[in-house]
Amino acid sequence: MVEGPFLEFERPIIELEKKISDMKDFSVGENIELNGEIASMQKKLNKLREEIYTHLTRWQKVQLSRHPRRPYTLDYIKMMSHDFIELHGDRYFADDKAMVGGFAFIDKQPVMFVGQQKGRDTKEKLYRNFGMAHPEGYRKALRLFRLAEKFQVPIVVLIDTPGAFPGIGAEERGQAEAIARNIRDMSRIKVPIVIVIIGEGASGGALGVGIGDRVMMLEYSWYSVISPEGCAAILWRDAAKASEAAEALKLTSEDLMALGIIDKIIKEPPSGAHNNPDMAAVNVKKEILEALDELSKKPVEQLLEERLNKYRKIGVYNE
Amino acid sequence: MAWFRKDKTGLTPQEKKNIPEGLWTKCKSCGEVVYSKKMEELLWVCPNCDFHFRISSQKYISLLLDDGYLDEYDVNLSSQDPLKFKDSKKYSDRIKQAQQKTGKIEGVTSGMGKIGGIEVSFAIMNFEFIGGSMGSVVGEKIARAIERAINNEIPLIIISSSGGARMQEGILSLMQMAKTSALLAILAEKKIPYISILTNPTTAGVMASYASLGDVILAEPKALLGFAGPRVIQQTIGQDLPEGFQSTEFFLAKGFVDCIVNRRDLRDTVIKFLHYMWRQ
Ligand SMILES: [Zn+2]
């Protein structure tokens, strides 16, 4: 049984789940055998779930990526690794709580984790600035990438951001410069970099920590040049047209796979990562380890050349 | 003394009224009214407040390059509509309209030329083409300009003016930031100079990639520069923005621009920098 907030299109599933759970309680409490009925309702539930989830619109997938119970970066780090030591600060200005990172072991593999962190309740959301990093967040990330490079530790980036923060301080401290530098410098970091978009991948805020040798997306994550709301506000002049913008932007994991932008889609548990975070983490961990295993066999020159070519060839045009 | 003040046109308001539209130009920044012919002589820089009007790519080419000559490359690169994108307008129609409006196939003009006798790879963005937005073609043309600098071992000069990545090509546009920036890393390793020139406006995806990565960053006065657009910031913080926020002068004060350069000094300034940074 699911606890906590849910999305409107999840309602029929949640209601049926509640019915099944009530029937089980009733069966136990009254000592009445209802196994047949329960099994048939369970079958109905599976069918309903399949029906809803195979016909999700792009906008519904965006909503799943923002599900209030969806696992966040530190959740994944906790579920996938051990002995995580968080590192703080960019050494210039501050420690950005919207960007986290540090050393950890995934099984026996040491890695440097970096990623945006969202908050779950109001207080934590504010503390994490809704996962929207300032320049010092991007500079902290680059410091950690350099540290990893220096000591030959591969890098794993978990991306989950509605965008780099658009504010006065962010402009004063050079948000554009910080992101540009990260994009350029990440393309030459001499250790393997694995990128996983676990939730929202909005624009330069995502790309600013998003250059790597393997780029993967969780099934119900999105990655786009602009958020659906931002796009709707500019092109439709109405942020409420976000669902139309989401369709037009082609921003789901399937879209990006079809466009040749990402290397892999990581399957989520039935009904999404929030319904079984442990299983989601197992899937993500498996893909990270496989990718690192493969990448670590490549000589540095080859790794960097392939990384450059990966981005060099992106673009659709007539000549 | 009359009740009205004569401005630098030397015309009274009544006289001004009688000048046909197009003969004079009103400064968007200070409101000064100047004869268009005079503005042309001044390279479209307001004599009163130094505001730099937007001028065409061709004007920059004649202003900057020896003999005003650019050997243009990649002229026929043209956009597709990979997402079949449609908002109030079809993307394919937007491209056609931009082509008709500008007489250009896409938003970047690029090629090889000389500045003060020094051979350079040169690219300039055209804001009139869908807001100077960067899609696959803009990204590819910039990428090839960088590669020409790398392969011929010649300095790179890019004049930017852009509202950012082109939404109508979705993620493909975002990835042009990666493509261009990754090539600039190679250029930097080869110690080949890159001079980035920012003009009004340079923001978002272009500012957050190659425009910010020059060895030297020059900017025209009073240009709008930044990551996020002023309206987005205003909505986010829910208050008015400080005066002069996100201007060239603000960028210089905060340490993100090397020099503010008046358009009439641009060529000489670039040549000076090349003399310091480049020995053929
Ligand atoms: Zn003026």
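**Helix crossing, domains and chain contact in a predicted model**

Q: In which strand is the place of B:Pro201?
A: B:Pro201 belongs to strand β8 (residues 194-203) of chain B, a strand being a DSSP run of E of at least two residues, and a helix a run of H or I of at least four, both numbered from the N terminus. The peptide bond that leads from B:Asn200 to B:Pro201 is cis, with omega near -15°. The model is predicted, so local features need pLDDT of at least 70 and side-chain atom pairs pLDDT 80 or more, while totals for chains, interfaces and linings use all residues. Residues are numbered from 1 along each chain as its sequence is written, with chains lettered from A and ligands numbered from 1 in the order in which they are written.

Q: Why are α1(A) and α2(A) called roughly antiparallel?
A: The axes of α1 (residues 11-29) and α2 (residues 35-54) of chain A cross at roughly 170° and come within 10 Å. Angles over 145 degrees count as roughly antiparallel, and α1(A) and α2(A) are therefore roughly antiparallel to each other. The crossing of α2(A) by α1(A) is left-handed.

Q: What makes the contact of α1(A) with α2(A), by residue class?
A: Ten of its residues are nonpolar, six charged and one polar. Asp, Glu, Lys and Arg count as charged, Ala, Val, Leu, Ile, Met, Phe, Trp, Tyr, Cys and Pro as nonpolar, and the others, Gly among them, as polar.

Q: Which domains does the assignment give for chain A?
A: Domain 1 covers 8-55 and domain 2 covers 62-312, with bounds from an automatic or database domain assignment. The C-alpha centres of the two domains of chain A lie 36 Å apart.

Q: How many residues of chain A are in contact with chain B?
A: 46 residues of chain A are in contact with 48 residues of chain B, contact requiring C-beta atoms, placed from the backbone, within 7 Å. On the side of chain A, α8(A) gives the largest share, eight residues. This side of chain A holds 28 nonpolar, nine polar and nine charged residues.

Q: What makes β9(A) and β4 of chain B paired strands?
A: Two bridges join β9(A) to β4 (residues 78-79) of chain B, and the strands run antiparallel. Pairing needs at least two bridges found by DSSP, so these strands pair. In β4(B), B:Ser79 stands opposite A:Tyr317.

Notes: Axes fitted to C-alpha atoms, helices over the stretch in contact; angles between N-to-C directions. Parallel < 35°, antiparallel > 145°, perpendicular 65-115°, else oblique. Left-handed = near helix turned anticlockwise from the far one by under 90°. Contact = placed C-beta atoms within 7 Å.
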